[in-house]
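Here are my notes on this one, written to be read with the viewer open.

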Amino acid sequence: MMKDVKNLKEFEGTESYVLDPELRKIVNITIALEMPLLLKGEPGTGKTLLAHAIAQDLGLSLIVLNVKSNMKAVESLYQYDTLTRLNDARFGDSKRNVKNIEEYIRMGKIGQAFVSDAKVVLLIDEIDKADTDFQDDLLDVLDQMSFDIMEIDKTIKAKHRPIVIITSNAKKDLSDPFLGRCNFHHIAFPNQEMMHSIVAAHFPEIEKNVANAVINTFYSLRKVPNVEKKPSTRELINWIRALNNDPKFKASQLGKDGNVPYLGVLFKKSADLEQAKAYINH
Amino acid sequence: MFIPFFYELRALGIPIPPTAFLRLQKALNLGMVNSMEDFYIAARAIMIKSEKYFDLYDRMFAHYFEGVEFKNPSDEELEEAIRSMLLEWLKNPKELIDILGLDPEQFKKYTAEELIKYLLERLKEQNERHDGGSRWIGTGGTSPVGHSGYHPGGMRVGGSGGGGMAIKVAMERRWKEYAYDGPIDSSQMAEALKRLRHLTPTGPMDELNIDETIYQTVRNGGEIDIIYDRRLKDKLKVILMMDNGGWSMDPYIEVCRTLFMYANSNFKDLKTYYFHNCVYDRVYADPPRQTKPMKTIDFSRFDPETRLIIVGDGSMAPYELGADDGNIEYGEYQSRSGHWWLQFLARTFPHAAWLNPKTKDYWEITAGAYTISKIMEIFPMFDLTLEGLDSAVKHLVKKQ
């Protein structure tokens, strides 16, 4: 296993992903130590994108496990497709051997990452959505890099240790044992300077005065009080896209006399939108 | 050099996993840390597991490494570090074995002294390891070139060169605003309250359990076996009593409003009542406390399994709590003290918690410290921070 880490080049970021040098160092240390990297930060700070960028830059495939609130750890490992087996047993028109349960085992996302013939990047997205049992069960699997398939009494061991990126939106900390096994970084919301580079990466042609007006307005709108979900980078990018497509849009008019078009692109919850409107017209 | 730094951070109360020490050593060994900035970043990613402590780390780092010469730890320092942390490491031998790349069988045969000796040797190992090329730190003159930042006497931190940058970065204090828990916001509140819902199976067995049906059917070799479950229902009843009177609660109106909003959307069976400063013989179902009074004594008819959450700062004049005619509202008079009524509520609802919008640190020094301490004898009190609300919820779901 050590070998394939050695053969990897250092992660350097990609053209569309503006990478903070500090984060780059953390990613490279994490890969070298073969530990999972836990990324926290408010939505839209590029936590998920980072995993995509790592996979792209290192030329590895990316496997994404989107965690859901009622998910059990075993679902992310494998599934026993009992329904197909029942169908085959009843109607018997498939080539599968009904007596062989193994033919009905489907790998979950983590299982896929383990059996893959090449090293992959495994993104476990929004782990905070699931309960602590899920987190603890997953911890063991990631620690051992193996799991058992109960139904056929078989152990699946990772052929190549995947690069594991875990994201969490929650402000609440995960359990201590979990944290102990991961490297940790919190991605702060980009400052205005950084945001200019991000916008420039997405819109290479954008004019300076437009970028200034849009970003200034965006940061003042992030200060709207009592908002459940503040507009993030993703919303800003979509908003610029909307403004760009509007022939009537003039950068010099933005924010003047409550003139903020497409506010709904920035504030997606209706209560938040009302708050924002009230704030602008205040 | 960084061993005392590690201890200092732990002494400050930052929860650093004991094995982080070994992992950091490993990162140094892998040649991943080639400058003071690298060390600053690596040590943080490996040791500090919450952005809450980033600012403390920054301050400690700047304080510790400003103008300090970076030296490798002496053998004595290393041995002491190993001895003091060995017990903690051994709490989780699997992790220790994993980090060190030990053979588990061999590991079992070691006595404590042998293990210490082994660790010490590993930590100052001069020779190449099995994976080739990299060394543990402490190698002095034989370190690979990349380690130049750590050569004894090689670089003065805080002077010119790489080291000074790290201090400068640390002194920017970029993480200051993450350092305090601050007032809880709406999304956090929803998250915490969600856990109070508890669904219990009640009612008829009329819910088809598809997974179990399929599983049992397959086990039956294809003979269909239909499995039913009892319907899940949220039976939880919640009473929320809020102090909404008096200037002392004014700063907390926003946070209480948010709590109410989320309690309302999260609990099917929620009743809200209002009081001023303390509960006496009446509470009110309407916020202005005028039109919908409810006799406190009538709560004795409620389901004792109901969860009672009282929200208030608990700060009042001692007589408001203790005196029989303590109610300060005009025209209200009764013969029992607030203290008595609170005890009555605690007896009626064994699952109860008091949420205080004032943070815990202030309870002993605020003007209301005396009454707060008296109330705490009756109700378990939690502050309205994320952690406080979380503990309160844990307390409320506990079976007694």
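This is a predicted model: local features need pLDDT of at least 70, side-chain atom pairs count only at pLDDT 80 or more; totals for chains, interfaces and linings use all residues.

**Notes on the two-chain model**

1. "Meet" is a contact call, made if the C-beta atoms of two residues, placed from the backbone, lie within 7 Å.

2. Residues are numbered from 1 along each chain as its sequence is written, with chains lettered from A and ligands numbered from 1 in the order in which they are written.

3. Back to that pair, for the geometry. The axes of α5 (residues 82-91) of chain A and α11 (residues 210-219) of chain B come within 9 Å and cross at roughly 40 degrees, which makes α5(A) oblique to α11(B). Axes are lines fitted to C-alpha atoms, for helices over the stretch in contact, and angles run from 0 to 180 degrees between N-to-C directions. Under 35 degrees counts as roughly parallel, over 145 as roughly antiparallel, 65 to 115 as roughly perpendicular, and the rest as oblique. The crossing of α5(A) with α11(B) is left-handed, meaning the near helix is turned anticlockwise from the far one by less than a right angle (clockwise would be right-handed).

4. Asn87(A) also sits in helix α5 of chain A. Buried or exposed, or in between, for Asn87(A)? Asn87(A) counts as partly exposed, because it has 16 C-beta neighbours inside 10 Å; 20 or more would be buried and 12 or fewer exposed.

5. Zooming out to the interface, the contact takes 31 residues from chain B and 29 residues from chain A. On the chain B side, the elements giving two or more residues are α2 (20-29), α3 (36-47), α10 (186-194) and α11.

6. Chain A has an open sheet of 5 strands in the order β2-β5-β8-β1-β9, with parallel pairing; strands pair if DSSP finds at least two bridges between them. The edge strands are β2 (61-66) and β9 (183-186), each pairing on one side only. The twist averages 20 degrees from one strand to the next. Between β5 (residues 120-125) and β8 (residues 163-168) of chain A there are 4 bridges, and Ile124(A) has Ile166(A) as its bridge partner in β8(A).

7. One more helix pair, within chain B: α14 (residues 338-348) and α15 (residues 369-378) pack at an angle of about 30 degrees, with axes 9 Å apart. That makes α14(B) roughly parallel to α15(B). The α14(B)/α15(B) crossing is right-handed.

8. Overall, chain B comes to 16 helices and 11 strands, which are DSSP runs numbered from the N terminus (helices H or I, at least four residues; strands E, at least two). Of its 400 residues, 34% count as buried.
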